[in-house]
Structures are given as C-alpha cells and as structure tokens.
Amino acid sequence: MKPFQNTKSTNMHRRQFINTSLLSAGALALFNKSSFANLLAQQTYQFKPLRSNMGIFTERGGTIAWLSNKDGIVVVDAEFPDTSPHVIAELQKQSDKPFQWLINTHHHGDHTSGNIAFKGLVKNVAAHANSLANQKDVAIKGNSEAKQLYPDTTFTDQWKMKVGDEHIHAYYWGPGHTNGDAMIHFENANIVHTGDLVFNRRYPVVDPAHGASIKNWSVTLQKAQKQFNKDTLFVFGHAFDPEKVTGSMDDIKAMQNYMDRLVDFVSAQIKAGKTKDEVLTATAIPGVTDWQGNGIKASLGAAYDELK
C-alpha cells in the first residue's frame with residue numbers, strides 16, 4: 001500500500017459553523033436554498049491518518065473512521081450520498097484492496113444515507129439489529145427505500161470479525177442516543193468509534209421516537225469506561241470543535257457527567273413541580289460548564305418525558 005497522506009480542510013471555521021449551526025434543527029429555515037448551497041459548495045473535507053492503518057474522514061454529518069490494511073478496507077459510518085464518495089476516492093488512492101465491511105454505528109441519515117455510495121463496492125454492511133429496523137422505518141416513512149443500502153449483517157449484544165491482522169469487536173449496551181447505538185472497537189489499533197453516544201462538548205441530539213434513553217445513556221458510557229482503557233483513542237460522532245472529534249477516556253467521562261447532571265437537574269425540576277415548558281427555558285445544566293451549541297432543549301425535553 002502507498003503511505004497515507006493527510007488531506008486536511010483548508011477552512012475549518014466554515015465547517016464548524018455549518019456543523020454547529022446550519023445543520024442543527026430549524027436552522028435551515030434561516031437561509032434560502034441558494035445561500036445554503038453556496039456555503040456547502042465551499043466546504044472541504046479532512047482525511048486524516050491516526051495510527052495502525054486507521055484514520056478518520058470528516059466533511060458533513062457524523063465522523064467516519066476507516067481501516068486499510070493488507071487484506072482490505074473497513075469503513076465505519078458513511079455520512080451523506082454526496083460526501084461518502086470523497087472518502088471512497090481517498091481510500092482508493094491509497095490502496096487497491098477491496099472494501100470488506102461498512103459498519104453503521106446507528107441509523108441516522110448523517111451516518112447511513114451515504115451507504116448507497118458503497119453499493120456494489122463493499123462486500124458486507126453491518127449494524128445492530130435495532131439500527132437496521134430504524135433505518136427501514138425512516139426510509140419507508142420517507143419513501144426513500146430506493147436510496148438505501150441496508151445492513152446485511154446484524155447483531156444484538158456483541159459481534160466480532162477480523163480483517164487482516166485487525167480484530168474488530170462491536171458492543172451494544174442498551175439504548176442511549178437511540179435504541180440501536182453500538183461502539184466499534186478496533187482492538188489492535190485500540191481505537192473505538194463511539195458513534196453518537198458521544199457528542200464531544202456539544203449538546204446532543206436525542207431520538208425518543210427510536211428508543212433513546214437518557215438514563216441508560218449514562219450506563220452505556222460507564223460500561224465503555226470499564227471495557228476500554230486509558231490508551232484507547234476514541235472517535236466521536238460529533239464535536240462542537242471539529243478538531244476534537246477524537247479524544248480520550250476523559251471525554252467519555254465528561255459525556256457521562258453531562259448525562260448524569262441532566263438527569264439530576266430535570267428530576268429536581270419535576271420534583272419541584274415545574275412543567276415541561278418551564279424546564280425548557282433552562283439555558284444551562286448545573287454541573288456542566290463546557291457543553292455548547294443549540295441543542296439543549298432536545299436533552300431537556302427528552303429527559304423530562306422519560307423521567308416524568
């Protein structure tokens with residue numbers, strides 16, 4: 001294989017603005033179609049090696065992780081139909097090996113709608129069984145089944161496979177961001193893709209319609225801390241700072257603290273007799289100092305509905 005090259009974004013501030021503002025719920029209403037199209041057209045992507053034949057790709061949507069070794073290529077998540085061809089092209093520049101696996105951390109479109117670009121290219125697509133069910137549910141309701149590439153391999157609690165000298169282990173610890181989120185561990189590289197179980201310092205999206213659980217979300221992060229170690233490098237689904245989509249165990253702990261403090265705060269508000277509308281007026285969560293973005297209401301509303 002050729003040595004990997006680091007293809008970096010030349011305008012990270014523009015991408016950060018789009019990721020944290022334009023793509024958040026409701027923000028599209030602030031821009032006309034031509035303005036939004038122009039902004040997206042000016043985006044660039046980042047293709048970045050990490051270690052042990054692995055790296056990440058970021059452009060728009062959820063972070064992609066990739067492995068390329070002597071036996072083939074593995075990709076985790078796929079962003080959008082117009083961005084996933086970019087990671088495919090970069091990987092094909094570096095290697096002529098086959099695409100062995102595409103793995104989805106969960107079903108949301110910014111992680112799976114790009115699956116379709118791998119049709120006829122990748123040998124297998126894997127995801128948790130609930131993720132497949134959710135992807136089908138959304139596609140049927142949106143009349144977009146023709147635009148989907150569904151997983152052909154599913155698992156429930158754990159799943160293992162091997163590509164070259166890399167052992168890949170998927171873990172499911174119950175509902176969190178949805179009811180189908182898995183963490184994907186590349187054991188030799190000791191790199192874990194957390195999917196959207198971690199929004200690094202960014203208020204997370206919560207999907208109660210597809211089984212999200214605020215309380216169990218914290219449990220999944222506790223289990224991750226027990227399963228992995230201080231040397232594990234984590235790839236996050238999203239981050240407020242686009243340069244911080246990778247991190248350490250400290251970031252997992254920080255996300256757990258966010259979920260725990262959210263539960264504590266909303267539970268106290270319910271006990272005090274506050275209505276949901278009153279809870280939604282909060283602009284911060286006590287004990288959380290470094291989370292940013294526009295999405296605090298999603299957390300507050302989901303927590304209120306679950307805890308009430």
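Biologist: How much space lies in the second largest pocket?

Modeller: In this predicted model, the second largest pocket holds about 220 Å³ of space.

Biologist: How do the lining residues divide into nonpolar, polar and charged?

Modeller: The lining of the second largest pocket has three nonpolar residues, eight polar ones and one charged; among the residues that line it are Pro 81, His 107, His 108 and Lys 147.

Biologist: Where do Arg 60 and Asp 82 lie?

Modeller: Arg 60 lies in the loop between β2 (54-58) and β3 (64-69), while Asp 82 lies in the loop between β4 (72-76) and α3 (84-94), so the pair ties together parts that are 22 residues apart in sequence.

Biologist: Is Arg 60 buried or exposed?

Modeller: Arg 60 is buried, with a relative accessible area of 11%, whereas Asp 82 is partly exposed at 44%.

Biologist: What about Lys 141, which residue does it form a salt bridge with?

Modeller: Lys 141 pairs with Asp 137, their closest N and O atoms being 3.4 Å apart, and because the two are four residues apart in helix α5, about one helical turn separates them.

Key:
Residues numbered from 1 in each chain as written. Predicted model: local features only at pLDDT ≥ 70, side-chain atom pairs only at ≥ 80, totals over all residues. Heavy atoms only, no water. 1 Å grid on protein atoms, 1.4 Å probe; cavity = no way out; pocket = protein on both sides within 12 Å on 5 of 7 lines; lining within 4 Å. Points joined across faces, edges and corners; volume = space filled by probe spheres on them. Nonpolar A, V, L, I, M, F, W, Y, C, P; charged D, E, K, R; others polar. Buried < 20%, exposed > 50% of the residue type's maximum accessible area, 1.4 Å probe, protein only. Salt bridge = Lys/Arg side-chain N within 4 Å of Asp/Glu carboxyl O.
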